[in-house]
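Today I go through one model and jot down what I looked up.

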Amino acid sequence: MLDKMGREIDYLRISITDRCNLRCIYCMPEDGIPDIQHTDILSYEEIVRIVRQAAELGIRHLRVTGGEPMARRGCLDLIRMLHAVPGIETISMTTNGLLLDGRVREACDAGLTAVNLSLDALDPELYRRMTRGGDVTKVMRVLRDAAACGLSVKINAVPVRGLNEQELPGLAELARNSGVSVRFIELMPLGCGADLQPVPTEEIRERMEACFGTMQEDTKRRGYGPAYYLRPEGFKGSIGFISPLSHEFCGQCNRVRLTSDGQLKLCLNHSAGVDLRTLLRGGVEDAQLKEVLRTAIERKPERHGFHESVADRENRRMNEIGG
Ligand code: SAM
Ligand code: SF4
């Protein structure tokens, strides 16, 4: 469906938990987050009910995220349930990959079509330090298995000044011999990310050109998001850049978000949303639910406004929003 700015909204990101098996330094505090009551989180049946109505309004692409989606029990059962919703064309997952180790085939069979693996360093020690405990060899196994199963695979890396800058060419190399896209995401000043320094996209692009030579623009559509892609000579895959700060992409925004506690969130940097959980638990009918979704999506904010003062600026961390 179209919002009031004429943007086609066909993509829903669903966060199914705030919890995570890792504590990445730009995302989660070291000592974790307060536990949300299990009953405060939408059940899988409630999520599917929302998705059914959203699909009737034109949502075609889903992303399951978190926290760490695989840290919630039965995540692959949810994928199976979402796969059965009429109108849904693709289901992807954003994951740190660790809990997918050994389960990639099962995920494909459940209906997963794509996976975005978060990977900020190949060096095992630095990876462990940035994630506060992760084992990069598991992520590499999941990467191999996902490609072997025919999943569309993207790698998401967040460059952080003074931390993983030296890792960036090595990460980009993962796109050389396979169709994997490696995307560099500009660090956003949300939650724990506000205390660290981003590396601007232009600078990363220049470094990539210094390592790999001139890069051709790659216009093949690789997903439903705001990345732009460049392909160095001799590479099978591409290098992507997502720069919410230096290249605002609000004009092409196609997405809304559902938080694990059932808030429909209309923009990354705005806290205003609709409390779908209260509606669902208050006995809302499907037709009413669809109308609430339609009205909310229509009034999606024009822009994220990271550089401006935003009256309802988002205070939640990325693990609560889902990235
Ligand atoms: N746990 C899963 C993962 O790491 O892929 C899914 C949730 S995580 C919040 C989604 C994405 O958000 C990850 O790729 C992570 O690197 C990114 N992220 C977290 N905090 C961020 C920040 N402050 N700025 C930019 N990206 C961030
Ligand atoms: Fe967990 Fe993902 Fe946040 Fe890392 S980025 S702490 S893996 S939710």
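**Entry 1: the faces of β2.** My cut-offs: buried is under 20% relative accessible area, exposed is over 50%, and partly exposed is in between, with a 1.4 Å probe and protein chains only. Five of the five residues of β2, residues 61-65, are buried, so the strand is largely enclosed by the rest of the structure. For the element names, helices (H or I, at least four residues) and strands (E, at least two) are DSSP runs, numbered from the N terminus.

Ground rules, before I forget. This is a predicted model, where local features need pLDDT of at least 70 and side-chain atom pairs count only at pLDDT 80 or more, while totals for chains, interfaces and linings use all residues. Residues are numbered from 1 along each chain as its sequence is written, chains are lettered from A and ligands numbered from 1 in the order in which they are written, and side-chain values use heavy atoms, with hydrogens and water left out.

**Entry 2: who sits beside β2.** I checked the pairing next; two strands pair if DSSP finds at least two bridges between them. Strand β1 (residues 11-15) runs parallel to β2, with five bridges between them. Serine 15 is opposite threonine 65 of β2. Strand β3 (residues 90-95) is also parallel to β2, joined by four bridges. There I found arginine 63 opposite serine 92 of β3.

Then I followed the chain. From β2 it passes through helix α2 (residues 75-83) to β3, a right-handed β-α-β crossover. β1, helix α1 (residues 44-56) and β2 also form a right-handed β-α-β unit. Right-handed here means that, with the strands pointing away from the viewer, the path from the first strand over the helix to the second runs clockwise.

**Entry 3: salt bridges.** How many salt bridges does the structure hold? I get 18, counting a side-chain nitrogen of Lys or Arg within 4 Å of a carboxyl oxygen of Asp or Glu. I looked at three of them.

Arginine 60 pairs with glutamate 89, and their closest N and O atoms are 3.9 Å apart. Arginine 60 is in the loop between α1 and β2 and glutamate 89 in the loop between α2 and β3, so this pair ties together parts 29 residues apart in sequence. Arginine 60 is partly exposed at 26% relative accessible area, whereas glutamate 89 is exposed at 52%.

Glutamate 291 bridges to arginine 294, with 3.2 Å between the closest N and O atoms. They are three residues apart in helix α9 (residues 286-298), so about one helical turn separates them. Both are partly exposed: glutamate 291 has a relative accessible area of 41% and arginine 294 has 30%.

I also noted a network: salt bridges with shared partners join Arg161, Glu165, Glu203 and Arg207. Within it, glutamate 165 and arginine 161 have their closest N and O atoms 3.0 Å apart. Glutamate 165 counts as buried at 14% relative accessibility, while arginine 161 is partly exposed at 29%.

Entry 4: The search uses a 1 Å grid over the protein atoms alone: a cavity is a set of points where a 1.4 Å probe fits but cannot get out, a pocket is an open set with protein on both sides within 12 Å along at least five of seven lines, and lining residues have an atom within 4 Å of a point. Points are joined across faces, edges and corners, and a volume is the space filled by probe spheres set on them.

I find one cavity of 30 Å³ or more. The largest cavity holds about 40 Å³ of space. Leu12, Ile50, Ala54, Ile59, Val256, Leu264, Leu293 and Ile297 line it. α1 and α9 are the elements that give two or more residues to this lining. By class I count eight nonpolar, no polar and no charged residues there; Ala, Val, Leu, Ile, Met, Phe, Trp, Tyr, Cys and Pro are nonpolar, Asp, Glu, Lys and Arg charged, and the others, Gly among them, polar.

The second largest pocket has a volume of about 280 Å³. It has 13 lining residues, and Thr17, Arg19, His38, Ala71 and Arg72 are the closest to its centre. That lining has six nonpolar, three polar and four charged residues.
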